[in-house]
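Trainee: Could you take a close look with me at one spot where two chains meet?

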Amino acid sequence: MLQVQNLSVSYRGTCALQDVNCSFGAGELVGIFGPNGAGKSTMIKAMLGLIQSVNGTTLFLGKPLTQQLAQVAYVPQRSQIDWDYPVTVWNVAMMARTIQTGLFRQPSRQSRELVKAALERVGMYELRDRSIGELSGGQQQRVFLARALAKQADLLIFDEPFVGVDRKTEDIMFEIFAELKSQAKTLLVISHDLSETLSHYDRIVLLNKRLIAIGSRHEVMTDDNLKAAYGSPMHFVAA
Amino acid sequence: MLNGLLDPLGFEFMRNALAMGVLLGILCAVVGSYMIVQQMSMMGDMISHSVLAGLPVAVFLGLPLSIGALVAGVISTIVLSGIESQSRLKIDSVMALVLASFLAIGTTLVTVLPGANRIDVMHVLFGNILGVTRSDLILTFGITILILIAVWLFYKELLFYTFDPIGAQAGGMPVRWYYLGIVTAISLTVVANLQTVGVLLMIAMLVAPGMTAYLLVKELHQMMVMGAGLGALSGIVGMYLSYYLDIPSGSAIVLVAFGLFLLAFLFSPSQGLLTQSEMKRQLADRLRGLTRSP
């Protein structure tokens, strides 16, 4: 369904990512792991065409992914967002429908219903008129999750979604990831959390400037692979 | 009182100046709101100084000054993003360099290009709202209407882009065009302001009403509407102060805008410095009461 072929990124003469090849199927939840600076976000941004100096191709259903971005819901890192921006919860979630609505038009009734359902699903509909800045980190992340849901995309990508969120939000997110899997969606999740949450993922990608390993948790999280990625197997907490 | 308000309206220059103050108040608040939420205020300052480079070229080529100013403003942003994206330098230092360099190009060309020395640099730097002509008013009215229509048509796209540019780009939106649209709108607003407040004070006109509104409301469109009201009010009050106190009109308008900002900064119900400390005091009193009760 999603194929990454010979993906390399160089950044001002430095190689940020080298020759990554992997593919992901429908109904699959994939965790992307690696140390800071391993190129996890770079890989995602290169796949989506958000950065330049990229070699290689990313195909989605046989066609370049960059030509099908309407099928993608992307949740950026928390640090990329200005949380003091004057916007309400409802309008953040409604951003999901911007492309579908089209230029010079108001969101359709169907769009409003989708946004309402998505906010209800993450437990944020009651707070729809609040400013995004008035919410906790976990609530903000749930609004972004609702935005991703309301887009009804086939490929969902989350960059560090668990940073700064509470346990309740984390549980809701994994519940929703499971629902999306059952709807044959493909989910890529960048994470740092090498704890028991690893068991949620169908497959793990381990990166450190190159693809170290891809496969099931037990195949990937070996001492040798962890040493290749992190320099030491000690970071791995739960088996 | 009423006579005091009506007397100045007997002069055409005053009527034109007041109309210009209202128009610029509205235009600056709308464009300035985008600058504030995108943290592009210093870019507005850079563009306003950079337009000076286009004025002597326009005179030399026999083009309207506004065209020269607009082109120079847009080119300065292209130079800025070119240097910033191709180097490790941070955007604030690149902006400082571009601002000063374009200003230097402008002042040099004024003396070098044939005919360009008829540009009054002092006038460009400080503006003169009392010298506003009917054609200046028509130009500013046109720019204001154009930008208001564009903002109305592209509001939801610009909201998404300015809130989450990476998410918008990842969703397939043509973000480069939106960026170019915003910098063009800033440049057009600068052109409209050039005659009136001049290069040096322009940045305050652009950001002060929006900043004041930002402290009082919670949505971008509310910030624009309230900012427009505050901007127009600053223009009118500033002009009357200028008329009666005989102080420079641009400075008077900016000082009124700053006064309104200070009021919001101190007394905003949700974010005011004094109202917040009062709320904290009341909360502390209430908590003390709770701990005392059995």
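Trainee: Which residue does Arg147(A) form a salt bridge with, and how far apart are the closest N and O atoms?

Mentor: Its partner is Asp164(B), and the closest N and O atoms are 2.6 Å apart. A salt bridge here means a side-chain nitrogen of Lys or Arg within 4 Å of a carboxyl oxygen of Asp or Glu. Keep in mind that this is a predicted model: local features need pLDDT of at least 70, side-chain atom pairs count only at pLDDT 80 or more, and totals for chains, interfaces and linings use all residues. Residues are numbered from 1 along each chain as its sequence is written, chains are lettered from A and ligands numbered from 1 in written order, and side-chain values use heavy atoms, leaving out hydrogens and water.

Across the interface of chains A and B, the rule finds 1 salt bridge. On the chain A side, the elements giving two or more residues are β6 (72-75), α2 (89-94), α3 (98-101) and α5 (137-150); helices (H or I, at least four residues) and strands (E, at least two) are DSSP runs, numbered from the N terminus. α3(A) gives the most, with 3 residues.

Zooming out, 37 residues of chain A contact 30 of chain B, with contact meaning heavy atoms within 4.5 Å. The two chains bury about 2700 Å² between them, 62% of it on carbon and sulfur atoms; that's the accessible area (1.4 Å probe) that two parts lose on being put together, summed over both. Arg12(A), Tyr85(A) and Pro86(A) supply 24% of what chain A buries against chain B, more than any other three residues.
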